[in-house]
Amino acid sequence: MIVYNCGRSRRMAKPTDLVQGTLDLLILKTISLEPSHGWAIAKRIQQVSREAFQVQQGSLYPALHRLEQQGWIEAEWRPTETGRMAKFYSLTRAGRGQMQKELATWSRLSAAIDLVVQEV
Amino acid sequence: MRAFRIVRLRLRSLLHRRNVECELDAELRFHLDRQIEENLVSGMAPDEAHWAALRTIGGLTQYQEECRDMRRVNLIENLVRDLRFGLRTQSHSPAFTAVAILTLALGIGANTAIFSVVRAALLRPLPYAGQDRLITVGEVRSQQELSDTLNPAFWNASYPDYLDWRTQSKAFSSLAGFTGDGFTFRSGSQAETVFAVQATTNFLSTLGVKPFLGRDFHVGEDVSAGPYVAILTYSFWRSRFGGDPRVIGRSIRLDSNSVTIIGVLPAQFEFAPRGNAQIWVPLHIDQDLATRRNLRWISVVGRLAPAASPVQAKAEMELINSRLAAAYQVQNSSIRVVMVPLRERIVGRVRPLLLVLFGAVGFVLLIACANVANLLMARATGRRREFAVRTALGAGRTRLASQLLAESLILATAGAALGLLIARFGARLLIAAIPQTLLDSMPFLRDTHADPLVLAFLFATMIFTGVAFGLAPALELFNPSVGATLKDESRGSAGAMRTRLRHALVIAEIAFSLVLLVGAGLMVKSLTALLDRNPGFNTGRLLTFSVFLPPASYPKDPDAIRFDQDFRNRVAALPGIVGIASTSIVPLTGGGNTIRYVVEGHLTATGEENECNIRDVSSNYFSTMGIPLIAGRFFNDSDDTAVGPMRVIVNQAWVKQNLPGEDPLGKRIKFTYSPTQPFRQIVGVVGDNAEAGLDSPNQPTLYAPFLQDVNPFINYTVRTAGDPAGAIGALRVALRNTDLQLILITPVTMDQIIAQSPSVFLRRYPSLLIGSFAALALILAIVGLYGLISYSVSQRTRELGIRIALGAQRSDVVRLVVGEGARLTVIGIGVGMFVALGLTQLLRSLLFGVSALDPLTFAGVALLLTLVATAACYIPARRAMRTDPIVALRYE
């Protein structure tokens, strides 16, 4: 199980940072399907990855806020199915482009890792 | 599109902070509630569900802080918050704040004051167009073993040489000459002496200056029979003519001539080499000065041609000089051409002084910073719990560090604001402490004010100090042991790094104050040595003044001689006058003629003759001045007559140079400026006396009878029985009784001449300033040491109590505490000595009669520091000694 829990040292991490980069990618991918609030995003990543990824609140929300501040995603307060107001995040047009880019990077990276790993 | 979104978000974060924060709360709250719900669904009890959710989530506030970070406007928000918090913190401890601000204000203020002077003197260009192209050029003789050779202010040229330079030089687009003179200016029944620059007509245009009213000199106005015209300085025009623009074309009386005013110089015009001049007139030189190639009296300033470099100009001038030497072997064969930028001539002498002061005051600032850093660190100790709590609550170290820096910047800003006031006041004091006559020669110093550059300096100093002393306590936050603070607070063991840092600061303070104390000690010693130097004559109760005999009333030598005799008889008859003598030059006022001569029987090639000072003095000059007779006799009244026997008196330096080991009496010398000069017999040897200034070496000097070379400008020295200044009134009356139209020119006592002389100023001024800086530094350093030791004692109360309980003697405790201070002091002194050994070399040019490594000064200062430091440690040591073991052990 991979626990996304950002430590202090990662606060200023650059986008090349593998772990942070992948969390961003997971978030972007998740909300590209439908706008969701933080809790739903965390749950969804957990479910889809068959509990492999457990996203901690401590890394999720800073990541969401960062992506929002970078203009990749936008937020909107909307009622949930239970009627309570929650902050829903959705991709912006720029965010969609960014996601494509990160997806491509990820494929290249995982393919490369596969190559190395299978060689052994 | 994306950029707009980002800007909008940032602005929202800044301007609608409250909403953004509420949303963040709500968002996280929502998450928490969902977690609780989930826990409940999984069958937990409500309470348990709540706590479990909180546990999974972890430090809420930390996440909030991290989310805030993502907004990227934290820097601004935090700064504002830090500043607000800082202000509040400062107001909690007014005493600390006041001490810190005052210390900084003194440091910053003193630095800014000195910088404003440095700015006015060294950084401000001369107020002439293309001022860096102006060069001062002069001729010196290689035989002229006079200190004047080194001082560009005394570089002169002969008029024929100057004219040849003008016609032959291509590297200079123009060469202009000037000299100075005093005139008797009459308006109504009032007469006063005004100083004038006599210049070639191209002078102002060479400087690139235009009169602001009227016109410049015309070509051809600087000939001996030229028209009498004058250009007024702005201040003279304002004070004597009420700033009346119709003054152009009016006539004024200068000496006995009617002179037409043709122009007024701009208000900001200055010419430092003749800073006291109130009017400018063209040169009206007589045939003698115009044609004699070996009379060097005119100062020359040239403007480099657009394409020429100083090096080219130098090479060209040397070429011209060698041509002149070939053509006029007798006059020019041993002449060297010297040149430096005009700026160098003007500020060269004060530069080392100002740089030394600037360096010294910089040390004061460093000490002030160290002291405030120490205070802050001591206080930070009291705030450790606060920091620990804030760290536990989620404040990052950088956040705390920036908080500390914000606090120190608040202190620095307040210090700088107060410092600006101190600087303005200080700069005024700095200028006021300069004697008037010297200020005249440095008119640029009057321009000392807080201009943008000075303010920028103040600002930079403020930031530097704020960071410098704020950094020390902030750095400590990165000390890994900080986390343990909450636990070990009561143990009172200061972190090793903290202690080391504070020790280092105190050591630095002691070292810096040692450097300043040594500097001050050396300067004071120089000053005393200078003032203690026997100038070779009795300076007490001596008054000097001059009289100018206008040629119109005194056309021939006998007329002047008659006046001189008559006037001196009248003065000698006055009560309270011990004696009055005439001389061509008053010692310690600088300047004076030199003469070339050969000693009978000595083979000397033409042009290679020795040159020495020549003074024309009346027969009672030596007795009036108190110059001792070494051998032979003084002049008597039969020597001092216009056609008397050709006799001279020499001083000891002259004998040492020309007739070492021989009896000079009866030897004969001949002046070489004209082939018809007769031999003159040496009748006496007198003691040496300081000529140009108290710091100048004894120079070979010849004395000739006054009446054999009468000059219309006569200097008198008067020995009085009482206060010499009190005799001025009576002397004025005596002069008026002798000739109604004459005035007493610049009456001044010898004590005043000495006090205002550059040589004394160059020592007294830095003695005063470095002395005050050193005193300030010493106080700051001792306060720092005292603070550190007191603090250390208060931290060690328990330990000391245990020691005493276990049987330590009180004296052991004192030794322990004083020992800690002594160790720091000794290290500080050691480091300071090392630094001082290097830095005092920079003082060298200002020292007199003392070596830059004077062991007595070094040892004395070290001793003084040790004593004061020990005393400072002794106070807390006594407190430690009185520690009651019972109380100390119960202390916890």
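Visitor: What radius of gyration does chain B have, and what would a compact globule of 892 residues have?
Guide: Please bear in mind that this is a predicted model. Chain B has a radius of gyration of 38 Å, whereas a compact globule of 892 residues would have one near 29 Å. Along the principal axes, the C-alpha atoms of chain B fill a box of roughly 135 × 80 × 55 Å.

Visitor: How many helices and strands are there in chain B?
Guide: Chain B contains 30 helices and 22 strands. Of its 892 residues, 42% count as buried. Among contacts in chain B between residues at least 6 apart in sequence, 83% link residues at least 24 apart.

Visitor: And which domains is chain B divided into?
Guide: The assignment gives domain 1 (2-72), domain 2 (75-133 + 349-491), domain 3 (144-333), domain 4 (496-532 + 755-892) and domain 5 (550-741). Taken over C-alpha atoms, the centres of domain 1 and domain 4 of chain B are separated by 57 Å.

Visitor: Let us turn to the partner chain. How many residues does each chain bring to the contact?
Guide: Chain B brings 20 residues and chain A brings 17 residues. On the side of chain B that touches chain A, helix H1 (2-15), helix H2 (17-41) and helix H4 (60-69) each supply at least two residues.

Visitor: Which element gives the most to that side of chain B?
Guide: That is H2(B), with six residues. By class, the side of chain B that touches chain A has nine nonpolar, nine charged and two polar residues.

Visitor: Now the interior. Which residues of helix H7 of chain B are buried?
Guide: In helix H7 (residues 159-168) of chain B, the buried residues are Tyr159(B), Asp161(B), Tyr162(B), Asp164(B) and Trp165(B).

Visitor: What covers the buried residues of H7(B)?
Guide: The cover includes the strands E1 (134-141), E2 (157-158), E3 (172-187) and E10 (296-304) of chain B. Helix H10 (287-291) and helix H11 (310-327) of chain B are also among the covering elements.

Visitor: What about strand E9 of chain B: which residues lie on each side?
Guide: In strand E9 (residues 279-282), Ile279(B) and Val281(B) are on one side, and Trp280(B) and Pro282(B) are on the other. These four residues are all buried, and both faces of the strand are covered.

Visitor: Does strand E4 of chain B run parallel or antiparallel to E9(B)?
Guide: Strand E4 (residues 190-199) and E9(B) run parallel and are joined by four bridges. Ala199(B) stands opposite Pro282(B) in E9(B).

Visitor: And in which sense do strand E6 of chain B and E9(B) pair?
Guide: Strand E6 (residues 229-232) pairs with E9(B) in the antiparallel sense, over two bridges. There, Ile231(B) has Trp280(B) as its bridge partner in E9(B).

Visitor: A last topic, backbone angles. What is the phi of Arg541(B), and where is Arg541(B) found?
Guide: Arg541(B) has a positive phi of about 50 degrees, although it is not a glycine. Most residues other than glycine have a negative phi. Arg541(B) is found in the loop between helix H20 (496-532) and strand E12 (542-548) of chain B.

Visitor: What is the phi of Thr746(B)?
Guide: The phi of Thr746(B) is near 35 degrees, again a positive value in a residue other than glycine. Thr746(B) is found in strand E22 (residues 745-749) of chain B. With 13 other C-beta atoms within 10 Å, Thr746(B) is partly exposed.

Methods:
Residues are numbered from 1 along each chain as its sequence is written. Chains are lettered from A and ligands numbered from 1 in the order in which they are written. This is a predicted model: local features need pLDDT of at least 70, side-chain atom pairs count only at pLDDT 80 or more; totals for chains, interfaces and linings use all residues. Two residues are in contact if their C-beta atoms, placed from the backbone, lie within 7 Å. Ala, Val, Leu, Ile, Met, Phe, Trp, Tyr, Cys and Pro count as nonpolar, Asp, Glu, Lys and Arg as charged, and the others, Gly among them, as polar. The radius of gyration is taken over C-alpha atoms; the globule rule is 2.2 Å times the number of residues to the power 0.38. A residue is buried if 20 or more other C-beta atoms lie within 10 Å of its own, exposed if 12 or fewer, and partly exposed in between; C-beta atoms are placed from the backbone. Domain bounds come from an automatic or database domain assignment. Two strands pair if DSSP finds at least two bridges between them.
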